[in-house]
Amino acid sequence: MITIIKSDKPTTVYTLDEKNKTYTEIQTTPSKTTSNPDDYTVKIVGKEKIGNYNCTHAIVTKDNKANEFWTSTEIADYEKYIKNASNNKYMGAGGEYAALVKNGAAGFMVKTLTKDSKGGDFTMELVKLEKKDQNASLFVIPADYKVSTSTAMPGMPNMDVNKIQSMTPEERTKYIEDMKKQYQTPTGNK
């Protein structure tokens with residue numbers, strides 16, 4: 001799955017499904033209400049190394065919901081990436097990030113841990129960062145891709161979200177493993 005957000009259209013998210021040669025186009029809207037950083041409590045856990053980056057590990061809490069962030073200022077031009085991610089909480093937008101900045105934990109989001117109210121966790125971690133010129137064709141939807149009308153997550157079968165949420169933890173684990181087997185790209189191939 002490939003996601004493209006263009007700087008000239010920052011509220012449009014294109015998600016490409018390479019396996020099915022389809023794409024979805026989602027229009028996002030900037031939040032009209034920016035959370036106040038004072039609405040969040042920030043606990044600095046300490047300094048930790050994530051991959052090659054020295055990070056500040058912090059827990060940000062609001063209304064009994066806590067998320068964890070590992071931020072690093074070692075990534076060149078991190079302020080530019082944060083500025084261009086106005087709608088993306090995983091890239092540092094909104095009140096949570098402002099609260100981190102206010103409490104001395106500014107930086108690029110190297111790792112995030114978001115806890116779902118239903119007991120699930122979502123972790124996103126920077127694995128590799130390369131700064132280099134890219135061919136403009138990487139940011140163009142290939143001509144042979146068709147618009148997807150599916151409401152399923154791109155690259156995944158069209159399964160009712162309610163059905164997934166009602167699965168037992170064992171059923172959900174099996175479902176995830178089956179999806180990994182079906183959609184995983186073999187090592188060394190693309």
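How many salt bridges does a search of the whole structure find? The search finds five. The legends below describe a predicted model, beginning with the overall view and moving on to close-ups.

**Figure 1. Overview of the chain, with its four helices and nine strands.** In order from the N terminus, the elements run β-β-β-β-β-β-α-α-β-β-β-α-α. The chain has 190 residues, of which 28% count as buried. It exposes about 13,200 Å², and carbon and sulfur atoms supply 51% of that area. Of the contacts between residues at least 6 apart in sequence, 44% join residues at least 24 apart.

**Figure 2. The open sheet of five strands.** The strands are arranged in the order S4-S5-S6-S7-S8, and their pairing is antiparallel.

**Figure 3. Strand S5 between its partners S4 and S6.** Strand S5 covers residues 53-62 and runs antiparallel to S4, to which nine bridges join it. With S6, the antiparallel pairing of S5 extends over seven bridges. His 57 of S5 can be followed across both pairings: Gly 46 stands opposite His 57, and His 57 in turn stands opposite Trp 70 in S6. The hairpin of S4 and S5 has two residues between the strands, and in this hairpin Gly 51 takes a positive phi near 60°.

**Figure 4. The largest nonpolar core, a group of 20 residues.** Which residues touch the most other members of this core? They are Ile 75, Leu 100 and Val 110. At least two residues of the core come from each of S4, S5, strand S6 (65-72), H2 and strand S7 (108-115). Apart from this core lies another, of five residues, including Ile 4, Tyr 14, Leu 16 and Tyr 145.

**Figure 5. The surroundings of Leu 100.** With neighbours within four places in sequence left aside, Leu 100 is in contact with Val 42, Ala 58, Val 60, Phe 69, Thr 71, Ala 105, Ala 106 and Met 109. Leu 100 is also one of the residues that touch the most other members of the largest nonpolar core.

**Figure 6. Helix H2 and the position of Ala 98.** Helix H2 comprises residues 94-102, and Ala 98 belongs to it. Is Ala 98 buried or partly exposed? Ala 98 counts as partly exposed because its relative accessibility is 28%, and buried residues are those under 20%. Ala 98 and Tyr 40 are 58 residues apart in sequence, while their C-alpha atoms are 9.3 Å apart in space.

**Figure 7. The salt bridge between Asp 38 and Lys 102.** The two side chains meet with an N to O distance of 2.1 Å. Asp 38 lies in the loop between S3 and strand S4 (41-50) and Lys 102 in helix H2, so placed that the pair links distant parts of the chain, 64 residues apart. Both Asp 38 and Lys 102 are exposed.

**Figure 8. The salt bridge between Lys 21 and Asp 144.** The closest N and O atoms of this pair are 3.3 Å apart. Why does the pair tie together parts that are 123 residues apart in sequence? The reason lies in the two loops: Lys 21 is in the one between strand S2 (9-17) and strand S3 (22-27), whereas Asp 144 is in the one between strand S8 (121-125) and strand S9 (146-147). Lys 21 counts as partly exposed, at 39% relative accessibility. Asp 144 is partly exposed as well, with a relative accessible area of 42%.

**Figure 9. The salt bridge between Lys 132 and Glu 130.** Here the side chains meet at 3.5 Å, N to O. Lys 132 has a relative accessible area of 49% and is therefore partly exposed, the class being exposed only over 50%. Glu 130 counts as partly exposed at 45% relative accessibility. Salt bridges with shared partners join Lys 128, Glu 130 and Lys 132 into one network.

Methods:
Residues are numbered from 1 along each chain as its sequence is written. This is a predicted model: local features need pLDDT of at least 70, side-chain atom pairs count only at pLDDT 80 or more; totals for chains, interfaces and linings use all residues. Side-chain values use heavy atoms; hydrogens and water are left out. Buried means under 20% relative accessible area, exposed over 50%, partly exposed in between (1.4 Å probe, protein chains only). A salt bridge is a side-chain nitrogen of Lys or Arg within 4 Å of a carboxyl oxygen of Asp or Glu. Two strands pair if DSSP finds at least two bridges between them. A nonpolar core is a set of buried Ala, Val, Leu, Ile, Met, Phe, Trp, Tyr and Cys residues joined through side-chain atoms within 4.5 Å. Contact means heavy atoms within 4.5 Å. Accessible areas come from the Shrake-Rupley method with a 1.4 Å probe; for residues, only the protein chains shown count as cover.
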